[in-house]
Every structure is written in structure tokens, then in C-alpha cells.
Amino acid sequence: MRAAALALALFGLAFGAGGEARAQEASTEAAPARALDDAALRAACFDLLGRPPLEAERTAWLGRGRHEFLDHWLSQCETWSHWVEEQLYFFLLIDNFRPENERVEELPALLATEKLDVRTAIHRIALSPSFDQRNPGADTFVTVVMEQLNGLRVQKNVRELEVGKGMYDGRPGMFFGKSGSTQADLLRIAIDDRSFVQQLVAREYRRIVRTEPDKAELALNVRRFQRDPAVFRALLREWMLSVAWDARVRSRTNAPNRIWIEALYVDLLGRQPLPEESRRLRTALDGLSDTGPLRSVLARVLIDSGQVKLPDKAEIEDPTQWIAGLFTRLLGRVPSTEELRTFVTVFHEPECRPHTVLYALVTHPEYQTY
Amino acid sequence: MPHNPDRSLERVSSFASDRRAFVLGAAAGALALPALGRGSLLAAQERKTKHVVLVAFAGGVRTRETFGAPSNVPTLEALAKEGVLYKRVKSSNLGHFGAALSIFTGISEARGIRENARGGDPTLFEYVRKDAGLRASDVWISTSGGAQQTNFSYGLHPDYGARYGANTVDGDGLFNAEFKSILDAWGRPKALPAKEAELLGRLRGAIGGGSAGSVEDSARIEKYILDELTSGTADIRGANAADAKAIRVARNLLVLFKPKLVSIVLQQADAAHGSYNGYVEIVRRNDEALGELWRAVRADQELRDSTAFVILPEFGRDADLNSRRGLDHGDGSNDLEYVTATCWGPDFARNRIVEDDVQAIDVCPTVCELLGASATKARGKRLPKLFA
């Protein structure tokens with residue numbers, strides 16, 4: 001009893017104020033709480049929301065349990081809005097090909113409230129006129145369906161491709177062992193097929209955990225998904241509570257342009273970019289194989305615009321603390337002793353402004369990782 | 001892929017290539033090359049060709065609308081009359097991405113047509129940079145197809161890869177009017193006083209124990225981008241706007257920086273799926289834009305007698321119109337699988353028509369040889385009957 005009470009007390013301490021109440025929430029099934037530090041919080045926000053935490057969110061979530069964070073955000077529209085965006089990007093349904101119809105626009109809300117599952121959501125995306133326009137003609141359309149929905153190489157599945165092309169043109173045929181005679185039949189069959197689930201679960205695992213899924217675990221999760229596609233939310237939760245995800249937090253990778261843009265706006269301006277701002281910047285950055293120089297230009301453009309709130313140098317009473325705070329907020333880590341020593345030394349040079357410190361951090365390659 | 005902070009620094013620093021330093025570097029590099037690479041380099045040094053413009057006239061373009069209707073492509077016609085025309089270039093219907101990638105790797109690449117990832121084989125950019133010791137600033141690729149086409153710049157082969165990749169600029173991405181409007185709204189970055197710039201370099205260099213990036217070099221690339229944004233490239237309009245911007249970017253790069261290899265990847269002819277007439281119009285306009293590029297090369301004293309052009313589509317299109325009066329690509333016909341390649345340059349034969357079958361994957365080893373490199377992994381062969 002005493003041990004149990006001690007454990008409960010420690011559990012409560014880990015949560016901070018209100019922790020006990022939250023620990024008893026029925027929705028929380030994960031075992032030991034993993035308290036969110038800056039690195040984990042930033043990574044979790046990137047993975048679920050496609051952006052770093054806003055300052056108020058950072059204050060609210062630091063030190064609280066990761067499972068609690070997941071319980072909250074997995075039922076939020078913003079999470080599923082980001083998920084839909086990732087899917088659109090995967091299908092390259094961006095810019096002029098972005099679906100602009102109600103059935104796609106309502107997806108985040110329906111997914112957040114579990115009125116729709118992810119399989120149906122992708123089916124809707126594939127049925128949108130934009131998907132058809134993006135992939136015009138029988139050969140292109142069926143190839144994209146087989147490659148992107150089912151994860152198959154058409155060169156190794158020539159018969160299936162030919163049958164699919166016929167079905168696209170209105171001829172009856174057996175595609176993946178099922179009969180159909182229209183473009184809509186083709187999509188329905190492709191999305192009902194096990195290969196679709198296999199492809200979706202594997203690529204989503206790779207997106208979140210950044211490693212290849214274990215084969216046995218993948219097979220199990222595919223079976224779970226086939227029994228009930230609504231399990232996808234639980235899968236996301238399990239992946240982000242796993243040891244493998246802990247490793248993902250430590251191994252940073254270059255942030256895609258769309259993520260980097262979100263990060264820059266949130267970190268510097270305290271707000272997300274408007275969709276149009278994001279699209280324009282992303283289009284420009286996507287056109288470069290090495291985006292580093294242009295990212296630096298854009299970061300400096302924002303800082304020099306006068307809209308980034310920075311204290312006057314004289315107002316910074318404790319430069320060490322201020323600089324360390326920037327490191328944790330922007331890079332998700334504390335600075336090393338050597339980094340801190342150099343930054344503080346340089347900060348005391350008369351020509352160094354707070355802007356100079358910010359330039360250095362947000363134009364550095366490390367800031368471009370997540 | 002693990003992030004390599006040095007990569008961007010390498011790109012930035014190499015952008016500011018000093019011509020004399022390059023010549024000295026290349027000479028020194030040649031001594032360190034393996035025997036095979038040295039032989040290629042020495043042979044290349046004896047040729048007049050010092051710059052190559054490789055154009056993937058892509059998006060799926062049939063010969064019927066080019067050399068089958070010469071009034072559509074007066075520039076290609078003129079180039080062919082002064083150069084070599086390959087009438088039967090076998091391509092592969094591997095989707096636009098895979099087929100265009102095949103031109104650069106010399107290997108038929110089975111890639112997903114919406115696959116947004118790099119291939120496993122080295123590209124000609126990597127061969128040229130590694131074998132001939134070229135710097136990143138000497139090898140560029142200008143595209144019109146957005147994010148996917150940046151994958152052409154290098155592959156993931158362990159012996160090559162990012163450190164030998166080309167600089168990629170997507171004309172319609174970087175130089176679109178909307179992006180320019182954002183910069184106009186936010187304002188331009190302010191130039192830093194020398195002392196503050198030096199302090200910034202120290203701070204950046206301290207992070208993660210990395211090396212300091214050259215603020216001066218960053219400023220050069222920054223200046224190029226900002227200058228291009230105000231030079232009119234962003235204002236190009238019309239059915240082939242993205243392709244035209246890619247060609248304009250290549251033209252400016254060639255004239256300003258005189259790189260060794262500039263590749264251009266076009267894409268908009270794929271509008272053919274929905275409109276035959278629209279497709280023909282794009283072919284015409286792209287030919288016109290290539291004419292401007294050719295004229296710019298001929299007007300430049302250094303480039304005019306030392307630059308070669310190689311131009312070919314990645315594949316053709318179906319023989320017959322679809323139900324939308326457009327042209328798809330999937331019927332396996334000769335119209336789809338055979339395209340025409342045009343080669344023009346100081347070392348090439350003049351007014352020669354080659355009727356023999358060649359392959360699109362032959363372009364990679366040919367360009368490599370011209371620039372003194374060996375495409376050792378490529379499966380193509382040097383184009384026959386090319387040289388005078």
C-alpha cells in the first residue's frame with residue numbers, strides 16, 4: 001500500500017498541478033508517463049501539428065505526460081488538418097491541384113470527431129476532381145493508384161495495370177481479384193485491398209517514427225486496421241509512446257520546407273503563416289535542392305521586417321539566461337557550455353545586437369532540422 | 001536521411017567560384033584522378049566544348065509535333081541543320097519522373113510517377129563533378145516541375161551523392177510573381193556592418209561545434225536571388241510560363257556564371273492530356289524560348305564557340321487522341337517510345353541525320369565524355385556519329 005501511495009505521489013509530482021486528476025482520466029491507458037521536455041514537446045508538435053508549440057502551449061505542456069498530450073491533440077481538428085495536408089502532399093495534390101471541395105475540406109473535423117476513418121478520408125481525396133486532374137489519362141491514373149495507394153510497382157504488375165486502364169475507360173474487368181467497370185470501381189477496389197492498408201500503415205509509421213516498421217508488428221497492425229480502420233488513432237498514439245519514437249526525438253532530420261515555414265512563423269512571429277503565405281514560400285523553397293541559402297534569406301527578411309518582438313540589448317539583464325532560453329525554445333535543447341560561453345562573449349561586443357543572436361540561431365542548419 | 005549541416009555550407013561556399021581558382025583546382029584534381037578518369041579528362045581538354053546545355057524537352061513530346069511539323073520548332077530545326085539529328089531515340093514509358101531521370105543517370109529508372117524521392121544511381125552531374133573535379137557552382141539544373149524535379153540533382157549512390165550534386169533552381173517556384181510579392185511586402189534583408197557580420201559568423205560557427213559559414217558567400221547567393229526576382233523572370237506569363245522561366249533562369253546562369261553544365265527540365269507539354277492544341281502551343285513557345293537561349297549563347301564571346309546543346313524529350317505521346325481530344329502516354333506506340341534528339345556544338349558534325357536506333361540513356365555517357373567524366377554505372381553508350 002505504501003509503495004502504491006508513493007508511486008501515486010510521484011506520478012502526481014511528474015504531472016504538476018492537477019496531475020492526479022488527469023492521471024485518473026479514463027482515456028489515459030498508457031503506462032508510465034513520459035514528461036515532455038522541450039525536445040519531446042517540439043517533436044510531438046511537429047509530428048501531430050506540423051509546427052512547433054506556440055508560447056502558451058509550451059507553457060501549458062512542458063513537464064506534463066506525453067500520453068496526456070496525445071489524448072488531447074488526437075481529438076483536435078488541427079491535428080487532423082495537418083494529417084490531411086500530409087496526405088495531399090504525398091499525392092502531390094498541392095498548389096493548383098489542391099482539392100477545393102467541401103467533401104475534402106470537412107475531413108479534419110470528421111476525423112477529429114471519429115465520424116470518419118482515415119481509409120474513407122483517403123478514398124474521398126482520391127475521388128476528388130483534383131486527383132483526376134493531377135493524374136490525367138488511364139495510364140497515369142492507374143499507375144498512380146497502384147503505386148501510391150497500393151505500394152506496387154506497375155512494371156512488375158503489368159496485367160493489373162492493363163486491367164485497371166480498361167476499367168478506367170469503362171470496360172469490365174477483375175482488378176485485384178474483384179470485378180468492376182468504372183473509374184470509381186477501380187478506386188474502391190484499390191482502397192479495399194489489403195495492399196492499401198499495408199502501404200498506409202507502413203508509410204505513416206515511417207512518417208512518425210522515421211524508421212522501417214518491424215515486419216511482424218506491421219502485419220499485426222495491418223490486421224488490426226483491416227478489422228477496424230478506426231484503430232489508426234490508437235496506432236498513432238502507440239507509435240508516439242514507443243521507445244522507437246524516443247529515438248526519433250534524438251535523431252533529427254532536415255525539415256521539409258512546409259514544416260520549416262511553420263516553425264519560422266511560430267518561433268519568430270508567434271503565429272502560424274496564413275495558408276497563402278505558406279504556399280508561396282513553400283513553392284519557392286521547393287524549387288531548390290539546397291534550400292539553406294534561401295531559408296537564411298527568408299529568416300533574415302522576417303527578422304528585419306520589424307515585426308519580430310525582441311528586447312533592447314539594455315533590457316536583457318541576464319544574457320546567459322536569455323541565450324539559453326533561445327536555445328531551448330528554438331532548437332529544443334540546452335546549449336553546451338562551449339556554445340553558451342561563445343554566445344555570451346560575443347553578446348557583450350558592442351556591435352552584437354539581440355538580432356544578431358537570433359540570426360545565428362534561425363539561419364543555422366540545426367534550426368532547419370526537426 | 002540524417003541532416004548534414006556541412007552540405008549547405010559547401011553549396012554556399014562553392015557558389016562563389018573563382019575562375020582562376022577553378023582552373024588551378026581542376027588541373028590539380030586531374031592529377032589525383034584514377035587512370036580512367038584522367039584519360040577522359042585529357043580527351044575533353046582537347047575538345048572545343050567547354051560548356052554543355054542539356055535540355056530535357058519533357059512533359060511528353062512526339063516527333064510529329066516537332067520535326068514532323070517544322071514550323072512549330074524553327075529553333076530545333078536550325079540547331080539540327082547545324083548539328084546532328086537523331087531520328088530514332090528509344091525512350092521508356094516510365095512516367096515523366098522516371099523517364100527524365102533516365103536521361104540523367106543513363107539507366108532506365110523504374111520510379112513512381114508521383115514519387116518524390118531520389119534515385120539510387122548517380123546522375124551525370126555527380127559523374128562530372130567527381131571525375132572532372134568541378135565545383136557545385138559549375139553544374140546547375142533548372143527545372144519547371146516543382147519539388148519532384150529537385151531529385152534530379154543527385155542520387156543516393158554511396159560513391160557519389162549530395163557532395164557531387166548539381167545546384168537546382170526551379171524557375172516557377174523561386175521566380176514566381178507571388179513569391180516576389182511576399183518579399184515586397186516584408187521588405188528586403190538589411191546588409192550587416194562588417195563587424196556584426198563577423199560576429200554572426202562566430203556565433204553560427206559555435207553552434208554544434210560546426211564550422212562558420214561564410215556570410216560573404218551567403219550574401220552572393222542572396223544577391224543573385226534578389227537580382228533575379230527584379231529582372232523580369234518572375235513576371236513571365238503564358239501557357240508555358242513555368243518552362244519559360246526555367247529556360248530564362250538557365251540563360252541568366254549561363255551568361256553570368258559560365259557554368260560547365262546546365263541542364264533544363266521542361267514539363268508543361270503534359271497539358272496534352274487535356275488539350276492537343278494547348279500542347280502544340282507550349283511546344284512552339286518552348287522552342288521560341290530555347291531560341292532566345294541559343295541566341296544569348298551565340299552572342300557571348302566566351303560561350304559561342306565552346307558550348308554544346310543536347311535536346312530531347314523524355315518520351316513521346318500516344319498515336320491517337322483520347323476522348324478529351326488530348327494525348328495521353330501509355331499505348332506503347334512508336335510515337336510514344338521513339339523521340340528525336342538534337343545535338344549542336346563546336347565538336348559535333350554539321351547537318352548530319354542519324355537514322356540508327358539509339359537510346360535516351362545514351363545521353364548521360366555522352367555528356368559525361370564531353371566534359372571529361374566517365375559514367376561508369378550508366379548502361380547507355382556514347383551517341384554514335386556525333387563528332388565531326
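This is a predicted model: local features need pLDDT of at least 70, side-chain atom pairs count only at pLDDT 80 or more; totals for chains, interfaces and linings use all residues.
View 1. Chain A has 23 helices and two strands, while the secondary structure of chain B comes to 14 helices and eight strands. Buried residues account for 44% of the 370 residues in chain A and for 57% of the 388 residues in chain B. Now look at how each chain folds back on itself. In chain A, if you take the contacts between residues at least 6 apart in sequence, 61% of them join residues at least 24 apart. In chain B, 76% of the contacts with a separation of 6 or more are between residues 24 or more positions apart.

**View 2. The meeting place of chain A and chain B.** Here 53 residues of chain A are in contact with 57 residues of chain B. On the side of chain A that touches chain B, at least two residues each come from α11, α19 (275-286), α20 (292-304), α22 (337-347) and α23 (354-362) of chain A. Which of these helices gives the most? It is α20(A), with nine residues. Sorted by class, this side of chain A holds 20 nonpolar, 18 polar and 15 charged residues.

**View 3. A helix of chain A against a helix of chain B.** This close-up shows α23(A) beside helix α9 (residues 194-206) of chain B; their axes come within 9 Å and cross at roughly 45 degrees. The two helices are therefore oblique to each other, and the crossing is right-handed. From α23(A), the residues T356(A), V357(A), Y359(A) and A360(A) take part, and they meet E196(B), L199(B), L200(B), L203(B) and R204(B) of α9(B). Six of the residues in this contact are nonpolar, one is polar and two are charged.

**View 4. A helix pair inside chain A.** Helix α11 (residues 138-149) and helix α13 (residues 183-192) of chain A have axes that come within 10 Å and cross at roughly 15 degrees. That angle makes α11(A) roughly parallel to α13(A). Their crossing is right-handed. V142(A), V145(A) and L149(A) are the α11(A) residues in the contact, and their partners in α13(A) are L186(A), L187(A), A190(A) and I191(A). What classes of residue do you find here? The contact has seven nonpolar residues, with no polar and no charged ones.

**View 5. A helix pair inside chain B.** Helix α11 (residues 241-257) and helix α12 (residues 276-299) of chain B have axes that come within 10 Å and cross at roughly 5 degrees. They are therefore roughly parallel to each other. Among the residues making the contact are A244(B), I247(B) and L254(B) of α11(B), along with A289(B), L293(B) and V297(B) of α12(B). By class, the contact has 11 nonpolar, one polar and four charged residues. The charged residues in the contact include D243(B) and R251(B) of α11(B) and R285(B) and E292(B) of α12(B).

**View 6. Inside the largest nonpolar core.** In soluble globular proteins, nonpolar side chains tend to be buried together. The largest nonpolar core in this model has 201 residues, and V128(B), V310(B), C364(B), V367(B) and L371(B) touch the most other members. Focus on C364(B) for a moment. Leaving out residues up to four places away in sequence, C364(B) touches I103(B), F104(B), T105(B), G106(B), L124(B), A375(B), A378(B) and G380(B).

**View 7. A valine in a strand of chain B.** V354(B) is part of strand β8 (residues 352-359) of chain B. Is V354(B) buried or partly exposed? V354(B) counts as partly exposed because it has 19 C-beta neighbours inside 10 Å. Apart from neighbours within four places in sequence, V354(B) is in contact with V84(B), L85(B), Y86(B), K87(B), P384(B) and K385(B). V354(B) and V89(B) are 265 residues apart in sequence, yet their C-alpha atoms are 9.9 Å apart in space.

**View 8. Two loop residues of chain A with positive phi.** Most residues other than glycine have a negative phi. D95(A) has a positive phi, near 55 degrees, and lies in the loop between α6 (77-90) and α7 (102-105) of chain A. With 15 other C-beta atoms within 10 Å, D95(A) is partly exposed. E114(A) also has a positive phi, of about 60 degrees. E114(A) sits in the loop between α8 (107-112) and α9 (118-127) of chain A, and it counts as exposed because it has 11 C-beta neighbours inside 10 Å.

Conventions. Residues are numbered from 1 along each chain as its sequence is written. Chains are lettered from A and ligands numbered from 1 in the order in which they are written. Axes are lines fitted to C-alpha atoms, for helices over the stretch in contact, and angles run from 0 to 180 degrees between N-to-C directions. Helices (H or I, at least four residues) and strands (E, at least two) are DSSP runs, numbered from the N terminus. Angles under 35 degrees count as roughly parallel, over 145 as roughly antiparallel, 65 to 115 as roughly perpendicular and the rest as oblique. A crossing is left-handed if the near helix is turned anticlockwise from the far one by less than a right angle, and right-handed if clockwise. Two residues are in contact if their C-beta atoms, placed from the backbone, lie within 7 Å. A nonpolar core is a set of buried Ala, Val, Leu, Ile, Met, Phe, Trp, Tyr and Cys residues joined through C-beta atoms within 7 Å. A residue is buried if 20 or more other C-beta atoms lie within 10 Å of its own, exposed if 12 or fewer, and partly exposed in between; C-beta atoms are placed from the backbone.
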